[in-house]
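Hi,

Here is the structure I promised to pass on. Have a look at it first, and then read my notes below.

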Amino acid sequence: MNERAVVIVSFGSTVTSMREKTLDAFEAKVREAYPEYDVFQAFTSRIVTQRVRENEGIHSLTEKGAMYHLAAQGYKEVILQPLHIIPGAEYDKVVQLVEKWKNERIFRRIALGRPLLRFIGQEGERPDDFALFLDAIRADVPDVPGEGLLLVGHGTIHQSQAMYSALHLKARELGLDNVWVGTLEGFPEWNYWLQEMQYVGIRKIHLKPFFFMAGDHVINDIFGAEEDSVANVLRSKGFEVAEDHRGLGEQAEVQALYLEHLKDAVADRYMRRPAHRPVIPKVI
């Protein structure tokens, strides 16, 4: 046993084949890149861990359970790499977990990687995760007049919903005028862009899920047979639709971005620092 461990943290999936295509594939790449670390998977969804246990007899670790397991096994260094898309509520759970265990001082070192989208090149010192992601999926952006790419994410009530708008604006900054970003819930919802796509003459839409894994939302809400699925609403508006059913985690180019984020965490680059507490002058 090594004294160092990497924990790959995701929402999880009850679909075995999807875990194999995404989580297991990424785990294999982590093991190859970091042979000096033991590698574990953890799910933040309690429902997923329960269903995987009941249906497959597999006892998956939760993010909390993983930390207790590593502490009991005597690991000294733990790197957590989330596979979340944005720093939303699920990512916040991992942030709080890391802060708790840092305060416990059981491990010599704990580090947390960032989700797919976090930095936007601030001060020229941090990477532009948004531009790097758009470059990674460049092959999915059509270069034929009258065709466009629509990325559809889940959406959240968390303030990180703004990340979707930031990605949309970054696409425009990079000259990708035929890329739109929307969500199933929250602003901007995917259908917010319908009128604009029609106005600029888009006739064919390449529809791509902005999810790490293609689960129920992708299967039913985006590509489902119901008339209110994203694909069918687009067709009812006169668009031709090219369906890309892959989750982002199935693409080697996106997995490479997460590996870079893990590399940054291992090297202690761009880590969270304690908030600066301003000195409040005394009133005399």
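This is a predicted model: local features need pLDDT of at least 70, side-chain atom pairs count only at pLDDT 80 or more; totals for chains, interfaces and linings use all residues.

Let's start with strand 6 and strand 8 (residues 204–209): they run parallel and are joined by six bridges.

Next, helix 5 (residues 129–136). Six of its eight residues are buried, so you'll find it mostly covered. The buried ones are Asp129, Phe130, Ala131, Phe133, Leu134 and Ala136. They pack against strand 6 (147–153), helix 6 (162–173) and helix 10.

Aspartate 128 is worth a click. A side-chain oxygen of this residue lies 3.2 Å from the backbone nitrogen of phenylalanine 130, capping the N-terminal end of helix 5. Aspartate 128 also forms a salt bridge with lysine 170, with the closest N and O atoms 2.8 Å apart. Aspartate 128 sits in the loop between strand 5 (109–112) and helix 5, while lysine 170 is in helix 6, so the pair ties together parts that are 42 residues apart in sequence. Are the two partners buried or exposed? Aspartate 128 is buried, at 17% relative accessible area, and lysine 170 counts as buried too, at 9%.

On to the other charged pairs.

- Arginine 172 pairs with glutamate 196, the closest N and O atoms being 3.6 Å apart. This links distant parts of the chain, with arginine 172 in helix 6 and glutamate 196 in helix 7 (residues 194–199), 24 residues apart. Arginine 172 is partly exposed at 22% relative accessibility, and glutamate 196 is partly exposed at 32%.
- Glutamate 240 pairs with lysine 204, with 3.8 Å between the closest N and O atoms. Glutamate 240 is in strand 9 and lysine 204 in strand 8, 36 residues apart. Both count as partly exposed, glutamate 240 at 48% relative accessibility and lysine 204 at 22%.

There is also a network: Arg114, Asp129, Asp264 and Arg269 are joined by salt bridges that share partners.

Finally, the inside. In soluble globular proteins, nonpolar side chains tend to be buried together. Here the largest nonpolar core has 66 residues, and those with the most contacts inside it are Leu116, Phe133, Leu207, Phe210 and Leu234. Helix 10 (residues 252–266) gives the most to this core, with six residues. Apart from this core lies another, of 20 residues, among them Ala5, Phe40, Tyr91 and Val98.

Leaving aside residues up to four places away in sequence, leucine 234 touches Leu150, Trp190, Leu194, Ile205, Leu207, Phe239 and Val241.

Cheers

Conventions. Residues are numbered from 1 along each chain as its sequence is written. Side-chain values use heavy atoms; hydrogens and water are left out. A nonpolar core is a set of buried Ala, Val, Leu, Ile, Met, Phe, Trp, Tyr and Cys residues joined through side-chain atoms within 4.5 Å. Buried means under 20% relative accessible area, exposed over 50%, partly exposed in between (1.4 Å probe, protein chains only). Helices (H or I, at least four residues) and strands (E, at least two) are DSSP runs, numbered from the N terminus. Contact means heavy atoms within 4.5 Å. A polar contact is a pair of N or O atoms within 3.5 Å; within protein, one must be able to donate a hydrogen and the other to accept it, and residues adjacent in sequence count only if both atoms are side-chain atoms. Two strands pair if DSSP finds at least two bridges between them. A salt bridge is a side-chain nitrogen of Lys or Arg within 4 Å of a carboxyl oxygen of Asp or Glu.
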